[in-house]
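Good morning, and thank you for making time for this item.

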Amino acid sequence: MSSRTASFDELDRKIITALMANARTSFAEIGAVIGLSATAVKRRVDRLRETGVITGFTATVEPSALGWRTEAYVEVYCEGAAPPRRLAEVVRNHPEITAAMTVTGGADALLHVRARDVEHFEEVLERIRTVPFIRKTISVMVLSHLIPDSPEAGATQAAPE
């Protein structure tokens, strides 16, 4: 069953909210807040994982602690109609690309890129630009995060050596 067709009730929604706020919250703590036993919470979490509603648990880390000191968003413009699967193949080859999505508007895709510094970012851009069907890129450097607790503000992997 996919997350699009998975049904869940208000208790499931409360469990998901608690885990999104702090994935380390124990089932007993969640149960005490929403009125269920730890076992009942665990059963619901297991079901939410099996149905694809919960896709995983991660730690979010200060990017600079992992060596990422430069961050940018890159619009990618392709020659012709580049299928999303081709773009996905390209972005998988760059560990510095932390998120990628196809978008509406003039660009074909938007990439979230982290790098050690501006020189490293330039190297990443040059590698991206060598892909034959990529016509051009437009980059926007991040100066600061206005919502510091957002997922985009944190990192999930260390910078390459």
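Let me start with a polar contact: the backbone nitrogen of Arg116 lies 2.8 Å from a polar atom of the His120 side chain. By polar contact I mean a pair of N or O atoms within 3.5 Å; within protein, one must be able to donate a hydrogen and the other to accept it, and residues adjacent in sequence count only if both atoms are side-chain atoms. His120 belongs to helix H5, and this residue is buried, at a relative accessible area of 2%. Buried stands for under 20% relative accessible area, exposed for over 50%, and partly exposed for what is in between, with a 1.4 Å probe and protein chains only.

A word on the source. This is a predicted model, in which local features need pLDDT of at least 70 and side-chain atom pairs count only at pLDDT 80 or more, while totals for chains, interfaces and linings use all residues. Residues are numbered from 1 along each chain as its sequence is written, and side-chain values use heavy atoms, with hydrogens and water left out. The mean pLDDT, the predictor's confidence in each residue from 0 to 100, is 89 for the chain, and 92% of its residues reach 70 or more.

Now the cores. A nonpolar core is a set of buried Ala, Val, Leu, Ile, Met, Phe, Trp, Tyr and Cys residues joined through side-chain atoms within 4.5 Å. The largest has 20 residues, of which Val76, Leu111 and Phe133 touch the most other members. Two or more residues each come from strand E1 (70-78), helix H4 (84-92), strand E3 (109-115) and helix H5 (118-129); these elements are DSSP runs numbered from the N terminus, helices being H or I with at least four residues and strands E with at least two. Apart from this core lies another, of nine residues, including Leu19, Ile34, Leu48 and Ile54.

Which strands make up the sheet, and in what order? It is an open sheet of four strands, ordered E2-E3-E1-E4 with antiparallel pairing, where pairing requires at least two DSSP bridges between two strands. Strand E2 (97-102) and strand E4 (134-141) are the edges, each pairing on one side only. E1 and E3 pair over seven bridges, and Val74 stands opposite Leu111 in E3.

Finally, the helices. H4 lies across E1, E2, E3 and E4 and runs at about 170° to E2. H5 also lies across E1, E2, E3 and E4, running at about 160° to E4. Contact here is heavy atoms within 4.5 Å; axes are lines fitted to C-alpha atoms, for helices over the stretch in contact, and angles run from 0 to 180 degrees between N-to-C directions.
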